[in-house]
Amino acid sequence: MNELLSQLWTPELQAAFTVVVVLLVILYVLSIVWVVRDAYLRGSYWYVWAVVALIPLLGIIAYCLLRPPLLQIDRDEQELEIALKQRELMKYGECANCGYPVESDYVLCPNCHQRLKNLCTNCNHALDPSWTVCPYCATPVGGSPARRRSRTQQPQQAASQQQRQARQRAPQGERPAH
């Protein structure tokens, strides 16, 4: 039997066997490197998976079956998209009376005509019911008409006062254009 084995085990067969063993070792090392890198990118415990990957073939199969489905960067992108969509949906609401979908700046529900928001008496912008002043023109919400008229004159007076101050600050030769 030794004679038969020595006749079959030629130097060419020994070289081919050595090449196959070297390639298998390289493949084994590269598979461990792949498992560690992939586990790191997926945000899992890469050092645990490195130890598991040391078990030839079974370690890689176990990792492929149990690894997280998404890379960490994909999960972050997905969370960002969800937050963006939630923010976009915040622009919309629903009528408290009938549940019909309405946009945030609707004053009346298009379905049941329920008043959703108040209008500013000065600039006619839609106002949130919790606001005490219009953020567009600084008119107090719910004030008396006489008080509202005096408030509308205040921005005009403030503007003319700012123009006077700008003229006083400008050098003598230069006057601001009107």
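Two salt bridges are counted here, a salt bridge being a side-chain nitrogen of Lys or Arg within 4 Å of a carboxyl oxygen of Asp or Glu. The model is predicted: local features need pLDDT of at least 70, side-chain atom pairs count only at pLDDT 80 or more, and totals for chains, interfaces and linings use all residues. Residues are numbered from 1 along each chain as its sequence is written, and side-chain values use heavy atoms, with hydrogens and water left out.

Select Asp38 and Arg42. Their side chains form a salt bridge at 2.8 Å, N to O. Both Asp38 and Arg42 are buried (buried means under 20% relative accessible area, exposed over 50%, partly exposed in between; 1.4 Å probe, protein chains only).

Arg67 lies in the loop between helix H4 (58-66) and helix H5 (72-89) and Asp38 in helix H2, so the pair ties together parts 29 residues apart in sequence. Helices are DSSP runs (H or I, at least four residues), numbered from the N terminus. Arg67 is partly exposed, at 28% relative accessible area, while Asp38 has 9%. Shared partners join Asp38, Arg42 and Arg67 into one network.

Next, select Ile32, Val35, Ala39, Trp49, Ala53 and Tyr63, the six residues of the largest nonpolar core (buried Ala, Val, Leu, Ile, Met, Phe, Trp, Tyr and Cys residues joined through side-chain atoms within 4.5 Å).

Finally, centre on Trp49. Beyond its neighbours within four places in sequence, Trp49 contacts Val35, Ala39, Ser44, Ala62, Tyr63 and Leu66 (contact: heavy atoms within 4.5 Å).

How values were computed: Helices (H or I, at least four residues) and strands (E, at least two) are DSSP runs, numbered from the N terminus.
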